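Dear colleague,

Please find below the structure that I am handing over to you, followed by an account of what was found in it.

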Amino acid sequence: MPVADYGEVAALLRAAKKVVAFTGAGISAESGVPTFRGSGGLWRNYNAQDLATPEAFARDPRLVWEWYDWRRQKIAAAAPNAGHRALVTLEERAAQFTLVTQNVDGLHDRAGNRRVLKLHGDIWTIRCTGCGRTRQDLRAPLPELPPVCECGAVVRPGVVWFGECLPPGVWSVAEQAAAQAEVFLTVGTSAVVHPAAGLIEIAHRGGAKIVEINPDLTPYSGIVDHRFHGNAGVVLPQLVV
Ligand code: NAD
């Protein structure tokens with residue numbers, strides 16, 4: 001496995017015109033937002049994989065909403081960390097910077113990134129399962145679970161669940177950016193959720209230098225050019241200097 005060199009990757013980032021950062025739940029872990037996998041990934045003994053599905057919602061919308069409401073409260077109490085802030089600096093600095101996130105927490109926006117491609121939606125958006133009306137709702141906790149639309153139908157979180165399609169417009173922009181990237185940072189993702197994780201492979205095939213930041217190994221650790229075995233909030237600020 002390649003040995004990480006802070007100076008070398010910092011220089012790569014300074015020289016590159018096209019930079020992509022691909023983030024997952026791990027970048028928000030140091031803000032106190034639980035990840036799906038790893039320690040703290042369970043809620044009332046339920047697995048995320050069993051709750052973040054259309055089937056789970058159809059079976060028990062209240063249970064699924066209780067979980068989302070708990071997550072919304074955690075996120076509302078959280079603040080962006082040094083890892084999020086380093087990506088703001090990168091956006092300000094790189095000629096062409098694309099931030100692609102699997103996160104639904106909105107912490108990249110709150111940190112100050114101007115353009116965030118959200119592959120899996122936004123936990124602060126809610127969508128009616130009947131009339132399809134979509135709106136922002138920042139209340140946490142919500143007064144009524146599950147929330148009900150004016151049309152009478154149950155409202156769902158505006159996120160992409162396992163088994164659902166990604167927003168097509170967002171995916172095609174992300175895919176193109178990955179294919180053209182000179183440096184591709186993969187940060188805090190277990191890289192097991194597809195198609196999102198496939199962006200790493202696309203960037204690799206396109207000739208990008210791949211930089212992984214994660215305290216654990218991922219299925220892509222073997223193909224990356226530089227691997228930083230550490231927390232995003234500690235590693236990223238040292239790369240954006
Ligand atoms: P995941 O839970 O599968 O994996 C988290 C990864 O982050 C792990 O590989 C872990 O080793 C790593 N990690 C933990 N702490 C870290 C740190 N401080 N710095 C760097 N890395 C760290 O998360 P994922 O890969 O994003 O999983 C996919 C799904 O989880 C996505 O669909 C996403 O929508 C959803 N999710 C989002 C949030 C959020 O918005 N904050 C939280 C949980 C899950």
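**The core around tryptophan 65**

Beyond its neighbours within four places in sequence, tryptophan 65 is in contact with Phe57, Arg72, Ile126, Leu142, Leu145, Pro146, Pro147, Val155, Arg156 and Pro157. Please bear in mind throughout that the model is predicted. Trp65 also belongs to the largest nonpolar core, which has 27 residues; together with Val64, Trp67, Tyr68 and Trp161, it touches the most other members. At least two residues of this core come from each of α3 (48-51), α4 (54-59), α5, β6 (121-128) and β8 (155-159). Helix α5 makes the largest contribution, with six residues.

**Salt bridges**

Eleven salt bridges were found in a search of the whole structure. One of them lies within helix α5, where the side chains of glutamate 66 and arginine 62 meet at 3.0 Å, N to O. The two residues are four places apart in α5 (residues 61-76), and therefore about one helical turn separates them. An α-helix has 3.6 residues a turn, so residues three or four places apart point the same way. Glutamate 66 is buried, at 18% relative accessibility, whereas arginine 62 is partly exposed, at 42%.

A salt bridge also joins glutamate 212 to arginine 227, with the closest N and O atoms 2.7 Å apart. Glutamate 212 belongs to strand β10 (residues 209-213) and arginine 227 to strand β11 (residues 226-228), so this pair ties together parts that are 15 residues apart in sequence. Both partners are buried: glutamate 212 has a relative accessible area of 1%, and arginine 227 one of 6%.

Aspartate 109 and lysine 118 form a further salt bridge, in which the closest N and O atoms are 3.0 Å apart. Aspartate 109 is partly exposed, its relative accessible area being 33%. Finally, a network of salt bridges links Arg72, Arg135, Asp137 and Arg139.

**The six-stranded sheet**

Six strands form an open sheet with parallel pairing, in the order β5-β4-β1-β9-β10-β11. Strands β5 (116-118) and β11 are at the edges, each pairing on one side only. From one strand to the next, the twist averages 15 degrees. Strand β4 (residues 96-101) runs parallel to β5, and three bridges join the two. Within this pairing, threonine 101 stands opposite lysine 118 of β5; lysine 118 is the residue that forms the salt bridge with aspartate 109.

Helix α9 (residues 198-205) touches β1 (18-23), β4, β9 (183-187) and β10, and its direction makes about 160 degrees with that of β9. Helix α10 touches β9, β10 and β11, and its direction makes about 140 degrees with that of β10.

The buried residues of α9 include Gly198, Leu199, Ile200, Ile202 and Ala203. Among the elements that cover the buried residues of this helix are β1, β4, α8 (168-180), β9 and β10. Just after α9, glycine 207 adopts a positive phi of about 95 degrees.

Helix α10 (residues 232-239) also packs against helix α1 (residues 6-15), at an angle of about 60 degrees and with the axes 8 Å apart. On the α1 side, Tyr6, Val9, Ala10 and Leu13 take part; on the α10 side they meet Val235, Gln238 and Leu239. Six residues of this contact are nonpolar, one is polar and none is charged.

**Threonine 134**

One residue remains to be described. Threonine 134 is situated in strand β7 (residues 134-136). With 47% relative accessibility, threonine 134 is partly exposed. Apart from its neighbours within four places in sequence, threonine 134 is in contact with Thr125, Ile126 and Arg127.

With kind regards

How values were computed:
Residues are numbered from 1 along each chain as its sequence is written. This is a predicted model: local features need pLDDT of at least 70, side-chain atom pairs count only at pLDDT 80 or more; totals for chains, interfaces and linings use all residues. Side-chain values use heavy atoms; hydrogens and water are left out. A salt bridge is a side-chain nitrogen of Lys or Arg within 4 Å of a carboxyl oxygen of Asp or Glu. Buried means under 20% relative accessible area, exposed over 50%, partly exposed in between (1.4 Å probe, protein chains only). Axes are lines fitted to C-alpha atoms, for helices over the stretch in contact, and angles run from 0 to 180 degrees between N-to-C directions. Contact means heavy atoms within 4.5 Å. Ala, Val, Leu, Ile, Met, Phe, Trp, Tyr, Cys and Pro count as nonpolar, Asp, Glu, Lys and Arg as charged, and the others, Gly among them, as polar. A nonpolar core is a set of buried Ala, Val, Leu, Ile, Met, Phe, Trp, Tyr and Cys residues joined through side-chain atoms within 4.5 Å. Two strands pair if DSSP finds at least two bridges between them.
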